[in-house]
Amino acid sequence: MVEMKYVPTTCPYCGTGCGFNLVTVDGHLVGTEPWKRNPVNEGKLCPKGNFSYEFVERDDRLRTPLIKENGEFREATWDEALELITEKFSAYRDDDPDKIAFLSSARCTNEENYLVQKIARQVIGTQNVDHCARLCHGPTVAGLAKSFGSGAMTNSIKDISEAECVFVIGSNTLEQHPLIGRRIINAKENGAKIIVADPRYNHTAKLADIYLPLTSGSNIALLNTMMNVIIEENLIDEEFINNRTTGFEEVKKIVADYTPEKTEEITGVSPELVREAARIYATSGASSLIYSMGITQFSTGTNNVMSTANLAMMTGNLGRPGTGVNPLRGQNNVQGACDMGAMPMSYPGYQTVLDENNGKKFAEAWNMDELKTEVGYTVVELMNAAHEGKINALYIMGENPMLSDPDIQHVKESIETIDFVVVQDIFLTETAELADVVLPATSWAEKDGTFTSTERRVQYIRKAIEPLDGVRPDWEILCDVAKRLGSTEFEFNSPQDVFEEIRTVTPQYAGMNKERLDTPEALHWPCPSEDHPGTPILHGEKFSTADGLGIFSPIEYQKPGEEPDEEYPLILTTGRLIFHWHTGSMTRRSSTLDKEVPTGFVEINPADAKEIGIINGEFVKVATRRGEIEIAARITEDIKKGIIFIPFHFAECAANVLTSSEHLDPVAKMPEFKVSAASVKKME
């Protein structure tokens with residue numbers, strides 16, 4: 001008799017957190033079915049979610065540990081691989097624990113991210129732990145924490161439908177977060193005005209009532225100009241400013257000089273459009289500001305984020321339904337990985353490592369003498385340190401920096417310089433190919449745990465099939481490694497055991513017991529006690545700052561780190577597509593998705609294409625100061641003259657060969673992915 005099961009779970013792709021049923025027949029995945037009771041997506045799915053099962057049981061899944069000898073991998077037993085890791089990491093720890101580093105993963109569960117940072121700190125004795133949030137929403141964590149006291153999306157996804165105005169800046173929401181895009185469509189159908197600011201006239205921009213075609217890198221100039229109009233026309237919310245905030249007068253002085261006429265040359269947006277957008281945003285009654293990496297991926301990323309906060313506070317668009325500053329997290333659990341302290345500056349729950357009291361708290365919880373009160377290496381700093389020979393060993397769980405990080409040639413040289421590299425993943429990725437030991441882990445469909453979505457909703461993933469032969473869950477591998485390295489603080493028998501420890505040290509999660517999470521609605525953090533309902537909307541009566549007041553920050557526009565010149569006359573920007581996700585290690589192994597967009601392309605304006613002398617579909621050479629790639633041209637009016645766009649999912653024409661790790665945000669250490677001076681030339 002055929003055995004069919006429907007297992008409710010959470011999508012492994014973007015940060016929306018859609019729920020659906022994985023369908024199994026006789027223990028094998030065969031498809032997905034709607035889970036209509038899930039409030040996030042109400043039974044709807046994007047293409048990635050629909051076909052998320054296709055990569056799980058592929059023949060090229062890693063099925064046995066690999067050890068590299070004489071430049072070639074050979075198969076090994078689990079004991080053999082783990083003993084080698086134990087031997088190497090023990091020796092390097094004895095030499096200098098701060099020459100060891102860990103990269104955790106936004107693809108993995110909260111429980112697994114918690115264990116990685118705990119190994120780094122409790123077992124090894126280093127703060128060198130980070131993950132890809134550094135390369136997407138590190139500025140969100142830093143910027144919103146300074147402005148509001150909490151670095152996360154302020155409102156719920158469903159709440160967007162109630163907005164009277166939705167201002168989308170630096171986010172192609174309909175492609176990158178389609179089910180959040182659905183909420184923007186709902187708002188428009190309910191009468192809301194939609195404003196979109198982006199260098200590309202993308203799918204989201206085509207939904208807009210007002211489209212602001214800003215030049216990449218001019219976000220602060222645009223936002224300051226909108227604030228200038230709002231102040232000049234007396235559209236500010238004086239009551240909110242006076243009662244709920246501090247520092248407004250300093251911002252008022254700064255933005256006085258940012259008139260629409262003066263900034264048009266910087267932003268590329270006409271004064272008439274800026275004025276109209278500012279008036280609508282300020283007077284709608286409930287304006288929701290949505291952004292993504294078109295705000296954060298700059299050397300001014302933290303300032304960009306604080307500028308969005310300034311605009312929202314100035315108009316009182318916080319703490320109510322239909323309002324808020326809403327950063328859309330790119331990966332399924334990038335919010336959770338940050339919450340779990342997989343960052344070099346904070347323990348779980350954003351408790352800074354610089355505070356000795358926090359160190360004492362976690363040292364006591366983890367049964368150790370002390371923890372270092374110093375910040376470890378961020379992702380880019382780690383690669384630079386490795387390049388200089390300062391890193392002896394690196395443990396990577398579920399990350400692929402050989403495609404996701406800027407300046408890939410530099411990354412490759414850095415990893416090759418490290419004495420001993422361990423990669424724990426489900427496929428032999430471009431990064432795993434450089435490792436000394438590769439450990440085969442389970443996919444999300446083969447294990448239990450929790451993800452935290454962009455709206456701070458903590459949800460279960462549930463095991464739909466047994467792990468493939470030879471592979472182990474990440475949490476189990478990590479506990480084994482920790483115990484072999486001598487720790488007695490990893491006696492966990494399940495992900496739920498790990499989550500119970502998380503609750504004891506992470507105030508935002510304290511009230512989330514199994515019974516409360518095991519529902520379609522789950523819970524939004526903060527949820528400090530078991531009788532607390534969770535918090536879909538932040539900052540309703542006060543902000544999370546020390547005095548409860550939101551903090552205005554006066555911010556001047558700064559030019560990007562690179563600008564076009566005679567040799568590199570164009571601006572390159574990068575991003576995602578609806579059919580692919582991050583480095584493509586999963587979507588490009590989904591036959592349905594890969595057929596839709598099998599390789600990369602460079603979008604270029606017809607005027608630029610004419611000057612270069614190229615036609616649509618022709619292969620061209622795109623170059624920056626870091627390197628060059630060969631890629632097909634896609635000529636379209638949907639991108640501004642002087643700007644080109646390349647999706648970063650494709651190893652054969654990797655956009656991050658071209659991007660720079662030189663220009664970093666001084667606070668969040670974010671590289672400037674969105675602005676690189678570039679050239680496009682005909683192939684010889």
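This is a predicted model: local features need pLDDT of at least 70, side-chain atom pairs count only at pLDDT 80 or more; totals for chains, interfaces and linings use all residues.
Trainee: How do you know which class of residue, nonpolar, polar or charged, the lining of the largest cavity has?

Mentor: Each lining residue is put in a class by its type, with Gly among the polar ones, and for the largest cavity this gives six nonpolar, 15 polar and four charged residues. The second largest cavity, with a volume of about 160 Å³, is lined by 16 residues, of which Arg 107, Cys 108, Ile 426, Thr 442 and Ser 443 are the closest to its centre. Its lining has seven nonpolar, five polar and four charged residues.

Trainee: Why is strand S9 called largely enclosed?

Mentor: A residue is buried when its relative accessible area is under 20%, and four of the five residues of S9 (residues 193–197) are buried, so the strand is largely enclosed by the rest of the structure.

Trainee: How do you know that S8 and S9 pair, and in which sense?

Mentor: Pairing requires at least two bridges; strand S8 (residues 165–169) and S9 have five, in the parallel sense, and Val 166 stands opposite Ile 194 in S9. S9 is also joined to strand S10 (residues 210–212) by three bridges, again with the strands running parallel, and here Val 196 stands opposite Tyr 211 in S10.

Trainee: What makes S1 and S3 edge strands?

Mentor: They belong to an open sheet of three strands in the order S1-S2-S3, with antiparallel pairing. Strand S1 (4–10) and strand S3 (28–34) each have a single partner strand, so one side of each is left without a neighbour in the sheet. From one strand to the next, the twist averages 30°.

Trainee: How many bridges join S2 to S3?

Mentor: Six bridges join strand S2 (residues 19–25) to S3, and the two run antiparallel, with Leu 22 opposite Thr 32 in S3. Since at least two bridges are needed, the six between S2 and S3 meet the rule for pairing.

Conventions
Residues are numbered from 1 along each chain as its sequence is written. Side-chain values use heavy atoms; hydrogens and water are left out. On a 1 Å grid over the protein atoms alone, a cavity is a set of points where a 1.4 Å probe fits but cannot get out, and a pocket is an open set with protein on both sides within 12 Å along at least five of seven lines; lining residues have an atom within 4 Å of a point. Grid points are joined across faces, edges and corners, and a volume is the space filled by probe spheres set on the points. Buried means under 20% relative accessible area, exposed over 50%, partly exposed in between (1.4 Å probe, protein chains only). Axes are lines fitted to C-alpha atoms, for helices over the stretch in contact, and angles run from 0 to 180 degrees between N-to-C directions.
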